[in-house]
Amino acid sequence: MTHPSGGTKRSSWLTFRRRLLLVRVLLRGPASSAELIAAVQAELGDEGYPPAAAAALKHDLDALKAEYGCQIGYQRERRVYALADLGDLALLDLPAECMEALAFLDASFPAGAALPEQANLRALLDRVLRLLPSDRQAQHQQRRSSMRLRFPNSGSGRLDSTALAAVKRAIEERRELVFSYWSTFDTTQPRRHRVAPYGLFFRPEGHGYLDATLLEVTPSGTEPLHAAIDYRLDRIVPGSVQVLPAMLPPQRLQPRAYTVRYRLLPVVARRRDVAAYFPNTQISYHADGSASVTATVTNLWQTRQILLRYGDACVVSEPPELVALFRATARGLSALYADSQTDQG
Amino acid sequence: MTNQELDHTMRQRLLECWLPLAQELNERYGWGHDARTLEALLLAAAPALRQVHSAVEAHAILWYHDLVQQARQP
């Protein structure tokens, strides 16, 4: 049995390393001869390609095709090499659970998705899928998941990125924040709100909100000071956001909390699958198919918005402030639809 | 801030802010969580939810925590 000399072993190792490097570069995207040679020289220096680099590169690419079954094509119009298939160099293999997760993500982020933030995810998935051996790729195609994430619309408005960065900085540094804001009631001009900001969150319809405690608003309106308010991010006026030097207190000011109590009629409760939309939700089902629900809330405005989804199948009994909000809504709806009825009559 | 450090007000607001979205996903994907387990899911996800920049991220985080919670069930 003979052993290769040290020089031969080193030469073989360098060749293998060079070819793997070419594959790595091509995995990033199509590349020209010059780019491939430059990548090799940058990584291997004096041990890279000899002066006749173009011929050596072609020899490496031919070897990758012949020895490892790589499919590397030359795109004449762009004068670049492109890797179509890794062949035997597809070294990524995954356990069944991960293949299932990959199928789920693949189904959730299809090619051509509208949301721009999904484009990079799709590109990442394509790269990962290309790293799988061909039999695993075939398996993946067969198990394309029927389960998928469904994303909401991103909302009608977008917040200026500078303003969003300032909001996030204030939250992280626990500092007061001031901005101009168009609330639902502001029809002619926005008002200035100084707040203690605590976090961002998103609602099912896709809008982003700032959870903050109101410290001051000018001109003053109906908002009670120290209330916890959900500020819709796209209603904050771009260019108006300022992080203030004042630090937030160690403990958040406690907004007034209400026990909310409502009854759901059998038409929405008889299947005994009433949803929990509020903290500390307790549900009691009754023999007639109705349900009584209690929960704790701090934002009565939002509570009303959420409970309105039940239409006239929900009767709120506590707190009186929420009952008053519903009465006002009912009066408004009555006025609107009484007119409609007359019109239609 | 860890979940243990969440004071009463922060816990109340965290749940109040995120429960509508969590409940929407609960119904949409048939997770079958009741009020108590949905709150537990949100409290477990709280550190990650504090970092989100988009609704897409929030969905992914809640979906992941549902998987974790389902896996921990006997």
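**How the core and the helix packing are read**

Trainee: In this predicted model, which residues have the most contacts inside the largest nonpolar core?

Mentor: The largest nonpolar core has 56 residues, and those with the most contacts inside it are A:Ala212, B:Trp18, B:Leu19, B:Ala22, B:Leu38, B:Leu42 and B:Ala58. Helix α1(B) gives the most to this core, with 8 residues.

Trainee: What makes a set of residues a nonpolar core?

Mentor: The members must be buried residues of nonpolar kinds such as Ala, Leu and Trp, joined through C-beta atoms within 7 Å. A second, separate core of 10 residues includes A:Leu22, A:Leu26, A:Leu64 and A:Leu83.

Trainee: Which residues does B:Leu42 touch, not counting residues up to four places away in sequence?

Mentor: With those sequence neighbours set aside, B:Leu42 touches B:Leu14, B:Leu15, B:Trp18, B:Leu19 and B:Ala22.

Trainee: How do α1 and α2 of chain B pack, and at what angle?

Mentor: Helix α1 of chain B, residues 8-28, and helix α2 of chain B, residues 35-49, pack at an angle of about 110°, with their axes 10 Å apart.

Trainee: Why is α1(B) called roughly perpendicular to α2(B)?

Mentor: Angles of 65 to 115 degrees count as roughly perpendicular, and the angle here is about 110°, so α1(B) is roughly perpendicular to α2(B).

Trainee: Which residues make the contact of α1(B) with α2(B)?

Mentor: From α1(B) come B:Leu14, B:Leu15, B:Trp18, B:Leu19, B:Ala22, B:Gln23 and B:Asn26, while α2(B) brings B:Leu38, B:Glu39, B:Leu41, B:Leu42, B:Ala46 and B:Leu49. By class, this contact of α1(B) with α2(B) has 10 nonpolar, 2 polar and 1 charged residues.

Trainee: How many residues does the contact between the two chains take from each of them?

Mentor: It takes 27 residues from chain B and 33 residues from chain A. On the side of chain B that touches chain A, the elements that give two or more residues are α1, α2 and α3 (55-72) of chain B, and the largest share, 15 residues, comes from α1(B). Sorted by class, that side of chain B has 14 nonpolar, 5 polar and 8 charged residues.

Trainee: How much of chain A counts as buried, and what makes a residue buried?

Mentor: A residue is buried if 20 or more other C-beta atoms lie within 10 Å of its own, and 21% of the 345 residues of chain A count as buried. Chain A has 10 helices and 11 strands, and among its contacts between residues at least 6 apart in sequence, 55% join residues at least 24 apart.

Methods. Residues are numbered from 1 along each chain as its sequence is written. Chains are lettered from A and ligands numbered from 1 in the order in which they are written. This is a predicted model: local features need pLDDT of at least 70, side-chain atom pairs count only at pLDDT 80 or more; totals for chains, interfaces and linings use all residues. Axes are lines fitted to C-alpha atoms, for helices over the stretch in contact, and angles run from 0 to 180 degrees between N-to-C directions. Helices (H or I, at least four residues) and strands (E, at least two) are DSSP runs, numbered from the N terminus. Angles under 35 degrees count as roughly parallel, over 145 as roughly antiparallel, 65 to 115 as roughly perpendicular and the rest as oblique. Two residues are in contact if their C-beta atoms, placed from the backbone, lie within 7 Å. Ala, Val, Leu, Ile, Met, Phe, Trp, Tyr, Cys and Pro count as nonpolar, Asp, Glu, Lys and Arg as charged, and the others, Gly among them, as polar. A residue is buried if 20 or more other C-beta atoms lie within 10 Å of its own, exposed if 12 or fewer, and partly exposed in between; C-beta atoms are placed from the backbone.
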